[in-house]
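Colleague: Walk me through this model. I would like to learn how to read its features one at a time.

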Amino acid sequence: MDIKSMKNYLYWLYCQFELITCSYLMEPWEKILFYTFNVMMLVMVLYTTYIFVPVHISTAFQFFLHLFGNQHENTVSVVK
C-alpha cells in the first residue's frame, strides 16, 4: 500500500466518521467542542480500563482459584 492510497483511505475514513456523527453539519467551533468532548471521554474510558480491569481480573482469578480448591494456606495448622 503506497502513501497516496493510505492518505486517501484515511480521508475516506474521516469522511465516513463525519457522515455517521453528522458533524459535517456543524460550525467549526461546534466541531472543536464536539471532538474535544469525544476525545476526553475516550481518554477517561481508556484510563479507567487501565486502572480497574487488572484489579477485577486478579480478583476473579483469586475467586476461581478458591472455588476450585487451590487456595492459599493462610490459617494456622493445628498440630496434634
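Modeller: Start with a loop residue. Ser23 sits in the loop between H1 and H2. Keep in mind that this is a predicted model.

Colleague: Is Ser23 buried or exposed?

Modeller: Look at relative accessibility, where under 20% is buried. Ser23 counts as buried because its relative accessibility is 0%.

Colleague: Which residues is Ser23 in contact with, leaving aside neighbours within four places in sequence?

Modeller: Ser23 is in contact with Glu18, Lys31, Phe34 and Tyr35. Keep those names. They come back below.

Colleague: What about Cys22? Where does Cys22 lie?

Modeller: Cys22 lies in the loop between helix H1 (3-21) and H2. Its accessibility is another matter. Cys22 is partly exposed, because its relative accessible area is 38%.

Colleague: How do I read the backbone there?

Modeller: Most residues other than glycine have a negative phi. Cys22 has a positive phi, near 60 degrees. This residue follows H1.

Colleague: How many residues does H1 have, and what distance does H1 reach?

Modeller: Compare the end-to-end distance with the expected span. H1 has 19 residues and reaches 27 Å from its first C-alpha to its last. That is close to the 27 Å expected at 1.5 Å a residue.

Colleague: Now the charged residues. How many salt bridges does a search of the whole structure find?

Modeller: Side chains of opposite charge can pair when their charged atoms come close. The search of the whole structure finds one salt bridge. The pair links distant parts of the chain: Lys31 is in helix H2 and Glu18 in helix H1, 13 residues apart. The closest N and O atoms of Lys31 and Glu18 are 2.9 Å apart.

Colleague: Are Lys31 and Glu18 buried or exposed?

Modeller: Both Lys31 and Glu18 are buried.

Colleague: What else is in contact with Lys31, leaving aside neighbours within four places in sequence?

Modeller: Besides Glu18, Lys31 is in contact with Tyr14, Ser23, Tyr24 and Met26. Ser23, in turn, has both Glu18 and Lys31 among its contacts.

Colleague: Where does helix H2 run?

Modeller: H2 covers residues 28-67, and Lys31 is part of it. An unreviewed UniProt entry annotates residues 32-53 as "transmembrane region". Then test that label against the model. The span of residues 32-53 is 100% helix and 0% strand. Its end C-alpha atoms lie 31 Å apart.

Colleague: Last topic, the rings. How many aromatic pairs does a search of the whole structure find?

Modeller: Read two values per pair: the distance between ring centres and the angle between planes. The search of the whole structure finds five aromatic pairs. One of them is Phe34 with Tyr35: centres 5.7 Å apart, planes at 50 degrees, so the pair is tilted. Phe63 and Phe64 form an edge-to-face pair, because their planes are at 65 degrees, with centres 5.3 Å apart. Planes over 60 degrees apart count as edge-to-face.

Terms used:
Residues are numbered from 1 along each chain as its sequence is written. This is a predicted model: local features need pLDDT of at least 70, side-chain atom pairs count only at pLDDT 80 or more; totals for chains, interfaces and linings use all residues. Side-chain values use heavy atoms; hydrogens and water are left out. Helices (H or I, at least four residues) and strands (E, at least two) are DSSP runs, numbered from the N terminus. Contact means heavy atoms within 4.5 Å. UniProt positions are given in the numbering used here, feature names are shortened, and annotations may be inferred rather than shown by experiment. Buried means under 20% relative accessible area, exposed over 50%, partly exposed in between (1.4 Å probe, protein chains only). A salt bridge is a side-chain nitrogen of Lys or Arg within 4 Å of a carboxyl oxygen of Asp or Glu. The expected span of a helix is 1.5 Å times one less than its number of residues. Rings of Phe, Tyr and Trp (its six-membered ring) pair if their centres lie within 6.5 Å; planes under 30 degrees apart count as stacked, over 60 as edge-to-face and the rest as tilted.
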